[in-house]
Amino acid sequence: MIMNPMIVLQFDMRRSAECPDSQGDRYNACLDMVRWADQQNISVIGFSEHHNSEDGFLSSPMMMAMAAVNITQRIGISVSALLLPLHDPIRVAEDIAVLDLVSHGRFMATVGLGYREIEYQTFGVDWSRRGEILDEKLQIVLDAWKGKPFAYNGTTMHLNPVPKRAANRLLLIGGNSPAAARRAARFNLMFAPPIDDPALQEAYDQECEKLGFKGGAVIFPNEPSLTLLSEDPDKDWATIGKYFLYDALSYQGWKHKTRRAYAESQASNLDQLRAEGKYSIITPAQALAKIKMKGTLNLSPLCGGMPIEYAWKSLTLYADKVAPYING
């Protein structure tokens, strides 16, 4: 029996042109999978955020998070990353406060800058000042959650209700740079980079020591792979691997010179993608071995427009042949 692993069910709703299912069907299937996950020993539902994408990448993760909270009882709900510079900070503070209350403490968000200039243009936000803007808006969110009146936009703002939990239980800071690590320490928050880089731990620790912050931590991704389960991985790589490849190539098309993430694939074809290991189609036995070795598994049933029918086959294999060997 494997004790207390971190099993994540991830959704970004990206859909290739070859996907046989409508967006409406996929969103409803996503919520059905969330309901299912709440009855399994799955730890967290993760929703991502991007805007102005041709393939329907999830642009309203907070709405999906609230929908997920409403249909579940115990599972954690996460938005990663929440692109705070693109949002009104008071609206974010209000929404997260309500999510915290109605979820009974099951919601958390990782705040990030993002890496697509077109998204900043779409919302009329200054790309060249994105770091400053994130700092400014994050401070406003934290000030609002104190529950005391404060000066804002020429008036007095008083947020009510406020979250039940402290800010460091609601927010993490994402990013792949030493500046992001220092930002997390500066705001007394944990740091969750998308890449396993000891230099980021060092930058975070140094800033924490400088500021006297003792309650922090760095949560590394531990070389995750976006995973589907299969009884015959060779067959399924040949038939549905194209959806994984679409996802990988789509992220490559968004690449920014400063972006570093473990999920950033360098593959240009299926053979390279499979060998690289950042996307995986594996048997239940291989999944158990991976969980035992790493303590984690990232299930991505709808990745790249994966057909709903196949997504459920993968999740059913998890329930039938992996979950019985997990305690947590």
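Reader: Let's start with the strands. In which sense do S10 and strand S11 pair, and over how many bridges?

Author: S10 (residues 226-229) and S11 (residues 279-282) pair in the parallel sense, over four bridges. Keep in mind as we go that this is a predicted model.

Reader: Which residue of S11 is the bridge partner of Leu228?

Author: Ile281 is the partner of Leu228 in S11.

Reader: And how many bridges join S10 to S12?

Author: Two bridges join S10 to S12, and these strands also run parallel. On this side, Leu226 has Asn298 of S12 as its bridge partner.

Reader: How do I read the two faces of a strand?

Author: The general idea is that side chains in a regular strand alternate between the two faces of the sheet. Now take S10 itself. Leu226 and Leu228 point to one side, while Thr227 and Leu229 point to the other.

Reader: Are those four residues of S10 buried or exposed?

Author: They are all buried, so both faces of S10 count as covered: here that label takes under 20% relative accessible area.

Reader: Which residues line the largest cavity?

Author: Glu223, Pro224, Ser225, Lys290, Lys294, Thr296, Leu297 and Asn298.

Reader: What about open spaces? What is the volume of the second largest pocket?

Author: A pocket is an open set of points, unlike a cavity. The second largest pocket has a volume of about 250 Å³. It is lined by 15 residues, and Met62, Met63, His87, Arg91 and Asp95 are the closest to its centre.

Reader: Which helix gives the most to the lining of the second largest pocket?

Author: That would be H3, with five residues. Helix H2 (61-70) and H3 (89-103) each supply at least two residues there. Sorted by class, this lining holds eight nonpolar, three polar and four charged residues.

Reader: Now pick a single residue for me. Where does Ala323 lie?

Author: Ala323 lies in the loop between helix H11 (308-321) and strand S13 (326-327). Its relative accessible area is 10%, which means Ala323 is buried.

Reader: Which residues is Ala323 in contact with, leaving aside its neighbours within four places in sequence?

Author: Gln40, Asn41 and Tyr318. There is also a pairing across the chain to look at: Ala323 and Met1 are 322 residues apart in sequence, but 9.8 Å apart in space, C-alpha to C-alpha.

Reader: Last topic, the whole chain. How many helices and strands does it have?

Author: The protein chain has 11 helices and 13 strands. Of its 328 residues, 53% count as buried. Among contacts with a separation of 6 or more, 72% come from residues 24 or more positions apart.

Reader: And how do I read the radius of gyration?

Author: Compare it with the value for a compact globule. With 328 residues, such a globule would have a radius of gyration near 20 Å, and the protein chain has 20 Å, so the two agree. The C-alpha trace spans about 60 × 40 × 40 Å along its principal axes.

Note on methods. Residues numbered from 1 in each chain as written. Predicted model: local features only at pLDDT ≥ 70, side-chain atom pairs only at ≥ 80, totals over all residues. Heavy atoms only, no water. 1 Å grid on protein atoms, 1.4 Å probe; cavity = no way out; pocket = protein on both sides within 12 Å on 5 of 7 lines; lining within 4 Å. Buried < 20%, exposed > 50% of the residue type's maximum accessible area, 1.4 Å probe, protein only. Pairing = 2+ DSSP bridges. Rg over C-alpha atoms; globule rule 2.2 N^0.38 Å. Contact = heavy atoms within 4.5 Å. Points joined across faces, edges and corners; volume = space filled by probe spheres on them. Nonpolar A, V, L, I, M, F, W, Y, C, P; charged D, E, K, R; others polar.
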